[in-house]
Amino acid sequence: MMIRFAIVPLLLALNFSMCQKHETVSQNGQPASASSPTPGAATAGGSPGVAPVAASPKIKKPVVDQTAQTIIFCYHLLVDKVRYPGTEITPAAFEAQMKELKDRGITVISMQDLLAWKRGEKNIPPRCAVITFDDGYKSQYEVAWPILKKYGYPFTMFIYTEGVRGGALGGGGAITWEQLADMRDNGVDIEAHSATHQDLREGHTITLASPGGKKTRTKLTGPQYEQWVQNEVVGCKQLLEQRLGIKINCFAVPFGNYNEHVKELARNAGYEAMFTVYGQPITFTSPMDSIGRYAIEANKPKVFEDAIKMIGASTSGGAPVAEVGAADLATQPADGETVRTALPLIKANLSAIGQIEPGSVQMRVSGLGVVPATYDPKTGTVSYQVTQKLREKSCSVFVSAKSQGKKVEAHWTFGIEESAARPAPPAAPTPKK
Ligand SMILES: [Zn+2]
């Protein structure tokens, strides 16, 4: 104590402004009536450069509301006289729906904001909608866009590249590359919807257009199919990226017809999200490779109303969760570490989070669910000795706790050496060359 008291006046003399900051912190954190023994002790308690004692959680990601829900709409053509109600809607009906979203307090967010929320990087309001257009029609540019501008709504265009004007399938109603560039320049999100808009599964009947314009119905298998589907999934992305100078991270699957192989191709090509037309509310845990959209058709006005009802009843405003980096919790095993036992001791030190409500600490382990972990309030350590062999090669741990009424969560993943996770082979592993 003597040494500390000696240092304080020296610091005061050295850097007045720094001490002013300290004084402000001390005053805010501890009013004059606080129980600190002397005014000097409060200042001396925290040396310069060290955070005040009541440190706030080291939040690595913004607080995101994991209970938020989003519905995604998929539109096609806007026409005054509906002849094909499966893909068409009148501008008046479309505008009425845009207004209804506003009237019902549903926030229209961009696709990229939805994905950022899914990554835990950005918060979104509790009830949201994303608007998308498929195929690339000029009525989307000429009719839909002005309506969306009026409401200030962002939206996404899913384009199949041969359907753009000038492409093998780009007829009179098709959007042009110039119109797409104009949309891009004004912040419209442009994403991929294949090259020729067909069933992407191997062995399904497709139409091939020869350069001369002749069309052939056929079923492709083997290497021929692989080459074709590569162009549908990867080629289309590259073409859009090159023609428009953009980054594509979304793939809308034509008719929603795909399978694991197509998903793998898309993932390898760098798509972050894949979309179908099987509408459902999107939650924080919805899988990224099958995000459902509500296809809005003139002959099924109920789809729109039903979609709105799906999130209308949701209980909004759930407790936000603050994400804490696993490295700050000195976890054991560490994030990314590989252990040689399928029965590890799992530990994390929660003292970096701040004051923990002891009864609120919970640990989840992938493959096991919630485990009976023990929390020691003295050391701030939560630990669990795994008693049942972990079967997977990697294990994710989720630790959550309440601190000052707020839920805080950390998660990390460690690896388990294969020989430990499975029954040990008789021979010793040979070192790799
Ligand atoms: Zn389509």
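# A tour from salt bridge to zinc site

Select Lys263 and Asp289: these two residues form a salt bridge, with their closest N and O atoms 3.7 Å apart. A salt bridge here is a side-chain nitrogen of Lys or Arg within 4 Å of a carboxyl oxygen of Asp or Glu. Lys263 sits in helix 9 (residues 260–268) and Asp289 in the loop between strand 12 (273–276) and strand 13, so the pair ties together parts that are 26 residues apart in sequence. Helices (H or I, at least four residues) and strands (E, at least two) are DSSP runs, numbered from the N terminus.

Before going on, note that this is a predicted model, in which local features need pLDDT of at least 70 and side-chain atom pairs count only at pLDDT 80 or more, while totals for chains, interfaces and linings use all residues. Residues are numbered from 1 along each chain as its sequence is written, and side-chain values use heavy atoms, with hydrogens and water left out.

Lys263 has a relative accessible area of 12% and is buried; Asp289, at 17%, also counts as buried. Buried means under 20% relative accessible area, exposed over 50%, and partly exposed in between (1.4 Å probe, protein chains only).

**Next, Asp134 and Arg293.** Their side chains meet in a salt bridge of 2.7 Å, N to O. Asp134 lies in strand 6 and Arg293 in the loop between strand 13 (291–292) and strand 14 (294–295), so this pair ties together parts that are 159 residues apart in sequence. Asp134 is buried at 2% relative accessibility, and Arg293 is buried at 0%.

**Then the zinc ion.** Which residues coordinate the zinc ion? They are Asp135 (OD), His193 (NE2) and His197 (NE2), at 2.0 to 2.1 Å. Donors are N, O and S atoms within 2.8 Å of the metal (3.2 Å for Na, K and Ca); water is not among the atoms, so sites may look incomplete. Along the chain, the donors follow the spacing D-x57-H-x3-H. Asp135 lies in strand 6 (residues 127–135) and His197 in the loop between strand 8 (189–192) and strand 9 (205–209), so the pair ties together parts that are 62 residues apart in sequence.

Stay on Asp135. The side chain of Asp135 makes polar contacts with the side chains of His193 (3.0 Å) and Tyr137 (3.3 Å). A polar contact is a pair of N or O atoms within 3.5 Å; within protein, one must be able to donate a hydrogen and the other to accept it, and residues adjacent in sequence count only if both atoms are side-chain atoms.

**Now the nonpolar core.** Select Phe73 and Leu101, the residues with the most contacts inside the largest nonpolar core, which has 60 residues. Such a core is a set of buried Ala, Val, Leu, Ile, Met, Phe, Trp, Tyr and Cys residues joined through side-chain atoms within 4.5 Å. Helix 8 (residues 222–244) gives the most to this core, with eight residues. A second, separate core has 29 residues, among them Ile353 and Val361.

**Last, Arg104 and Glu305.** The side chains of these two residues meet in a salt bridge of 3.8 Å, N to O. Arg104 is partly exposed, with a relative accessible area of 42%, and Glu305 is partly exposed at 26%. The structure holds 18 salt bridges.
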